[in-house]
Amino acid sequence: MFLKSIDLFGFKSFAEKSHIQFTDGISALIGPNGCGKSNVVDAVKWVLGEQATKSLRAERMEDIIFNGTDTRKPLNVAEVTLTLENDGVLPLDFPEITIRRRLFRSGESEYFVNGAPVKLRDVRELFYDTGIGKTAYSIMEQGKIDQILSTRPEDRRALFEEAAGITRYKMRGREADRKLERTEANMHEVDSVLTEVR
Ligand code: ATP
């Protein structure tokens with residue numbers, strides 16, 4: 001899978017529509033301090049469904065929307081789009097996949113996969129076992145390796161599970177367990193209603 005491009009609009013310092021195109025090999029973002037290099041990495045995490053504001057270096061989610069400068073008014077929406085070349089790793093039958101997340105200042109949030117509205121859960125599921133995604137290993141930030149080495153073995157195991165391709169099944173198992181619990185609770189309720197009416 002290959003990250004072809006990132007489109008940003010209204011995300012942090014990106015007040016203008018910006019398009020970053022990647023080519024084969026190693027790409028480096030260079031620029032003076034504070035020009036927005038880390039904001040690009042934040043944008044990638046955000047579009048993949050990051051909900052933790054701390055990880056996005058923001059206090060509230062609204063802070064990721066361009067908040068204006070002396071010469072420019074704040075914007076009311078932030079939008080990031082990732083375009084990925086799909087070589088079969090992502091379980092969708094398209095050679096190219098776009099993931100878009102949009103957030104309005106009102107708090108309304110939207111996700112799209114190839115232009116179709118989806119839920120956050122769908123975006124997360126799409127990336128399970130690919131090494132991409134919120135808790136995966138494709139984004140190695142400062143201190144992340146130390147953090148991985150010092151975490152509890154059970155937490156570290158999650159990385160190996162992602163690499164081994166079983167996260168998707170574990171998540172589905174957990175979802176099935178939750179459904180079972182809900183169904184059992186409903187059955188208890190039905191039983192008590194039946195006892196009452198009998
Ligand atoms: P360094 O090299 O120091 O790590 P950097 O190039 O990685 O810097 P970033 O941390 O990506 O820079 O960007 C910081 C800039 O983004 C700051 O100038 C900050 O004012 C701006 N910024 C962050 N959030 C917003 C926002 N919501 N609206 C406008 N600008 C923002």
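The model is predicted.

**Ligand site**

Start with Cys-35, in the loop that runs between strand E2 (18–21) and helix H1 (37–47). Cys-35 counts as exposed because it has 11 C-beta neighbours inside 10 Å, and the cut-off for exposed is 12 or fewer.

Move on to Ser-38, which lies in helix H1. Ser-38 has 14 other C-beta atoms within 10 Å and is therefore partly exposed.

Now select the ligand and its surroundings. The shell holds 15 residues, the closest being Lys-12, Asn-33, Lys-37, Ser-38 and Asn-39. By class, 8 of the shell residues are polar, 4 nonpolar and 3 charged.

To set the record beside this shell, select the residues that an unreviewed UniProt entry lists under "binding site": Pro-32, Asn-33, Gly-34, Cys-35, Gly-36, Lys-37, Ser-38 and Asn-39.

**Helix H3**

Next, select Lys-144, in helix H3 (residues 144–150). Lys-144 is exposed, because 11 C-beta neighbours lie inside 10 Å. From Lys-144, draw a distance to Ala-185: the two are 41 residues apart along the chain, and their C-alpha atoms are separated by 41 Å.

**Helix H5**

Finish with helix H5, residues 167–197. How far apart are the end C-alpha atoms of H5? They are 45 Å apart, which agrees with the 45 Å that its 31 residues should span at 1.5 Å a residue. Colour H5 by burial: the helix is hardly covered, with a count of 1 buried residue among its 31.

How values were computed:
Residues are numbered from 1 along each chain as its sequence is written. This is a predicted model: local features need pLDDT of at least 70, side-chain atom pairs count only at pLDDT 80 or more; totals for chains, interfaces and linings use all residues. Helices (H or I, at least four residues) and strands (E, at least two) are DSSP runs, numbered from the N terminus. The expected span of a helix is 1.5 Å times one less than its number of residues. A residue is buried if 20 or more other C-beta atoms lie within 10 Å of its own, exposed if 12 or fewer, and partly exposed in between; C-beta atoms are placed from the backbone. A residue is near a molecule or strand if its C-beta atom, placed from the backbone, lies within 6 Å of it. Ala, Val, Leu, Ile, Met, Phe, Trp, Tyr, Cys and Pro count as nonpolar, Asp, Glu, Lys and Arg as charged, and the others, Gly among them, as polar. UniProt positions are given in the numbering used here, feature names are shortened, and annotations may be inferred rather than shown by experiment.
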